[in-house]
Amino acid sequence: MYLNNSNVPRRMFRGSKDSQGGFKKMKEPLETKNIGLRGVKVADTRISDVDGEKGNLIYRGLNICDLVVHSTFEEVSFLLLNDHLPKAEELKSFQSKLISEREVPDTVYGFMKMMPKSAHPMDVLEAAVPILAAYDPQLHDESRDANFEKAIRLIAKLPNIVAAWDRIRKGKEPVRPNRELTHAGNFLFMLSGSFPDHATARDFDICLILHAEHSFNASTFAGREVASTHAHLYASIVAAIGALSGEIHGGANSEVMKMLVEVGEVNRAKSWVSERLQKGGKVMGMGHAVYHTEDPRASILRGICSRMADRTGDRKWFELTKAIETATKEAFTKLKGKEIFPNVDFYSASVYHMMEIPTDLFTPVFAISRISGWAAHIIEEKFAEAQPKPELYRPDADYVGTYCGPEACPYVPIEERSK
Ligand SMILES: CC(C)(COP(=O)(O)OP(=O)(O)OC[C@H]1O[C@@H](n2cnc3c(N)ncnc32)[C@H](O)[C@@H]1OP(=O)(O)O)[C@@H](O)C(=O)NCCC(=O)NCCS
């Protein structure tokens with residue numbers, strides 16, 4: 001019995017050669033599958049709801065379309081971690097905590113200075129988190145309050161690491177955080193060393209809100225799964241960062257930018273896309289495992305992309321992204337007989353590029369936003385805030401390998417094995 005018709009299991013051969021060239025039976029069932037857990041509900045959550053049919057995304061009961069108008073990344077982080085919007089005093093205190101936790105231990109800068117300059121920023125970020133763990137005075141305090149404090153530290157410090165690595169690899173000194181700036185504005189400041197204009201900082205703030213949370217996506221699930229073993233928050237976050245780095249998850253935004261550069265001109269979009277799809281290749285930033293209509297984040301990012309184009313006085317990247325979107329929709333429908341839509345990574349690539357963020361920093365920028373959602377989920381998992389009790393994730397698999405019966409195959413000593 002399989003849960004998803006689109007993942008029809010493939011038949012397997014009934015046996016395989018053993019080391020002696022003999023033929024061994026396979027254990028039943030004789031079908032392989034990897035359903036990617038599609039459609040399997042592994043837990044309940046109070047944190048967010050993705051309506052893939054209507055194209056709605058809700059954080060703790062609130063529509064992201066309202067949050068991007070009325071809220072800030074700081075407020076949304078509070079919301080995700082607390083299940084309610086903060087009162088004025090609560091927000092003030094949360095913001096001051098975030099500001100006071102922006103500095104990282106000098107050891108982190110020291111480690112980065114020893115890293116090869118070619119190291120990928122996602123690998124550097126992933127490697128820096130355990131150093132932060134070693135300095136956390138509450139590392140082994142597993143109370144909810146302590147986990148909340150640890151979450152604040154991670155939300156506050158990750159932007160510093162991402163910005164500092166970009167500077168260190170370019171032979172520059174890191175820029176220390178500025179207490180007067182917002183979370184978003186301070187990241188752009190630490191990256192470039194100059195103050196961002198207010199409108200760009202606010203647009204970046206909206207990007208952070210949009211990337212902060214998305215239910216049981218691959219990286220969040222990775223983080224929750226590790227947390228279910230009672231590993232600490234930092235270890236769970238390392239797992240989430242690793243999962244985000246893959247090109248069909250958070251890595252897609254950098255790949256979109258590479259594609260934009262490769263296509264180069266609006267008038268090449270149609271032929272490039274059609275050739276790509278004909279060859280069975282993917283158009284990065286298009287399609288989604290859950291949304292069957294436009295990803296609401298893509299709609300908002302399209303608007304930001306157009307605004308950024310006006311602000312920079314160069315509409316090239318916006319027009320090119322739009323042309324690839326149109327070409328992909330047309331070609332995909334012709335080829336597969338169904339629709340495809342842009343996801344969160346499609347327009348964020350050109351937005352970040354126009355904000356002068358280096359292409360290989362796009363995925364770490366995703367991480368400095370998603371950290372709020374990850375932390376909220378890890379806390380929810382640890383304290384069973386949406387379930388009767390915490391549970392260790394331990395899925396099952398059918399064994400389809402070499403099989404000689406319930407007692408297993410005889411062990412063949414090395415000298416008796418044929419080559
Ligand atoms: C995200 C993604 C993995 C979802 O894949 P999925 O759940 O298999 O999506 P679907 O079931 O709708 O895919 C149906 C078909 O469309 C194809 N397809 C989906 N997205 C595609 C894309 N961007 N380009 C080309 N083909 C695509 C699939 O390969 C599949 O083809 P098949 O039926 O021949 O096997 C997929 O859309 C993708 O790889 N997109 C590009 C990477 C990306 O942007 N990732 C970030 C996601 S937020």
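User: Is Cys-409 buried, exposed or partly exposed?
Analyst: In this predicted model, Cys-409 has a relative accessibility of 29%, so Cys-409 counts as partly exposed.

User: What is Cys-409 joined to?
Analyst: A disulfide links Cys-409 with Cys-404, at an S to S distance of 2.0 Å. Cys-404 is likewise partly exposed, because its relative accessibility is 36%.

User: And which hand does that disulfide have?
Analyst: The disulfide is right-handed, because the torsion about the S-S bond of Cys-404 and Cys-409 is about 90 degrees.

User: How many disulfides does the structure hold?
Analyst: The structure holds one.

User: Changing topic: how do α10 and α16 cross?
Analyst: The axes of α10 (residues 233-244) and α16 (residues 362-382) come within 9 Å and cross at roughly 135 degrees. That angle makes α10 oblique to α16. The crossing is right-handed.

User: What classes of residue make up that contact?
Analyst: The contact of α10 with α16 has eleven nonpolar, two polar and one charged residues. Among them are Ile-237 and Leu-244 in α10, and Phe-366 and Trp-374 in α16.

User: Last one: how many residues of α2 are buried?
Analyst: Nine of the ten residues in α2 (residues 73-82) are buried, including Phe-73, Glu-74 and Phe-78. Just after α2, Asp-83 takes a positive phi of about 70 degrees.

Technical notes:
Residues are numbered from 1 along each chain as its sequence is written. This is a predicted model: local features need pLDDT of at least 70, side-chain atom pairs count only at pLDDT 80 or more; totals for chains, interfaces and linings use all residues. Side-chain values use heavy atoms; hydrogens and water are left out. Axes are lines fitted to C-alpha atoms, for helices over the stretch in contact, and angles run from 0 to 180 degrees between N-to-C directions. Helices (H or I, at least four residues) and strands (E, at least two) are DSSP runs, numbered from the N terminus. Angles under 35 degrees count as roughly parallel, over 145 as roughly antiparallel, 65 to 115 as roughly perpendicular and the rest as oblique. A crossing is left-handed if the near helix is turned anticlockwise from the far one by less than a right angle, and right-handed if clockwise. Contact means heavy atoms within 4.5 Å. Ala, Val, Leu, Ile, Met, Phe, Trp, Tyr, Cys and Pro count as nonpolar, Asp, Glu, Lys and Arg as charged, and the others, Gly among them, as polar. Buried means under 20% relative accessible area, exposed over 50%, partly exposed in between (1.4 Å probe, protein chains only). A disulfide is a pair of cysteine sulfur atoms within 2.5 Å.
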